[in-house]
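Open the model in your viewer and keep the selection tool at hand. We will go stop by stop.

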Amino acid sequence: MPRYTIIGGDDREYGPISLDQVRAWIREGRADENTRVRPEGSQQWTALGELSEFAELLGIAPPKTPGLPPLPVPKRKPAELKLPPGQQVGAPTASNPWAGVSLAFAIGAMTCGCGHPLCWGVFAGLGIATSLMALNQIKLNPGQRGAGMAKISLAMSVASLLLFILAIGAVASLLPQK
Amino acid sequence: MNPAPPVLKPSPWRRWAWVLVVLPAGLTVWLLGANDPVKTEIYPPCSFHKATGLLCPGCGGLRSTHHLANGRLGQAFQNHPGFVLALPFLLPLVSVWIWHRVRNDEETLRTRMIYDRALKMALILFFVPALLRNLPGPFQNFAPPPVAKVAPSK
């Protein structure tokens, strides 16, 4: 019997567990087609919706018509998960490189020593872009760490972007134009 | 026996996350579109540029946004080519993301991989011209035109 490891909604690993256990969790709403799964023996994480053994339960396969020969079902091409260089599934100590980059931008956005309001906007925008990049890549590679760091950077960047907007708005409405 | 993972339920906040993007972006474009940053004495001179003579990756961004908001693509490109080049990758990405949030969908793996590539492409296109314009020679074409001192109206 194949066994599977899945990532729960709490971002923790569950398994290895049996096929029936995964099916039971799908029925109970604890896993869905986007739940990350790694079949035992595989190095690659994929989504439950990409595995044919769960397709019918998840409502992905077309309904069977009795009396007619089954239509050829196009096999869904499994998504290839490209890992960033130097990253391996099963190396849980590896942190996503973009998480650190986003924290640097977020700190830049918060402190902004260069004296121009644009600096806030640029650093905050780059902080948002890179922290979302990190969070997105961590979703693709559940082994990676750094989600907490990326979330903190995201919050800091959004906060300073809102400050930037408020500053522009306030000054624009106060000062006369030439 | 393994403990069971929690029942999946979408966060009620996630659905409205797009407001946090659309509202500030819309407000910025509106304010910058209405006020020419060259003519408006809102912004202090950039002390980084004054101290080092270098153009930081954001230099020209406000002017570029102002021209873009008024539909002048050429002038927007002149002031910050990287910003304008990144937009064809950023805008579809943001639109797809808003679409997923409004419909309360979770992205598929494939969509997330496309997000990843689009973001990387946008960052490269933003930074390469933005950094190269500090080099002499033909790279100077990427630099924003110098701001002419606006004569005091008197």
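This is a predicted model: local features need pLDDT of at least 70, side-chain atom pairs count only at pLDDT 80 or more; totals for chains, interfaces and linings use all residues.

Residues are numbered from 1 along each chain as its sequence is written, with chains lettered from A and ligands numbered from 1 in the order in which they are written.

**Stop 1: the sheet in chain A**

Select E1, E2, E3 and E4 of chain A. These four strands form an open, antiparallel sheet in the order E2-E1-E3-E4. Strands (E, at least two residues) and helices (H or I, at least four) are DSSP runs numbered from the N terminus. Two strands pair if DSSP finds at least two bridges between them.

Now look at the edges. E2 (13–18) and E4 (46–47) of chain A each have a single partner strand, so one side of each lacks a neighbour in the sheet.

Zoom in on E1 (residues 3–7) of chain A. Four bridges join E1(A) to E2(A). Pick Ile6(A): Tyr14(A) in E2(A) stands opposite.

H1(A) lies across E1 and E2 of chain A, at about 125 degrees to E2(A). Axes are lines fitted to C-alpha atoms, for helices over the stretch in contact; angles run from 0 to 180 degrees between N-to-C directions.

**Stop 2: where chain A touches chain B**

Show both chains. Here 41 residues of chain A are in contact with 37 residues of chain B (C-beta atoms, placed from the backbone, within 7 Å). On the chain A side, E2, E4, H4 (117–140) and H5 (147–174) each give two or more residues. H4(A) gives the largest share, ten residues.

**Stop 3: helix pairs in chain B**

Select H1 (residues 17–34) and H5 (residues 81–102) of chain B. Their axes are 9 Å apart, at an angle of about 140 degrees. That makes H1(B) oblique to H5(B); angles under 35 degrees count as roughly parallel, over 145 as roughly antiparallel, 65 to 115 as roughly perpendicular and the rest as oblique. Show Ala17(B), Trp18(B) and Val21(B) in H1(B): they meet Val94(B), Ile98(B), Arg101(B) and Val102(B) in H5(B).

The axes of H5(B) and H6(B) come within 7 Å and cross at roughly 165 degrees. The two helices are therefore roughly antiparallel. Among the H5(B) residues that meet H6(B) are Phe83(B), Phe89(B) and Leu93(B).

Note on methods: Two residues are in contact if their C-beta atoms, placed from the backbone, lie within 7 Å.
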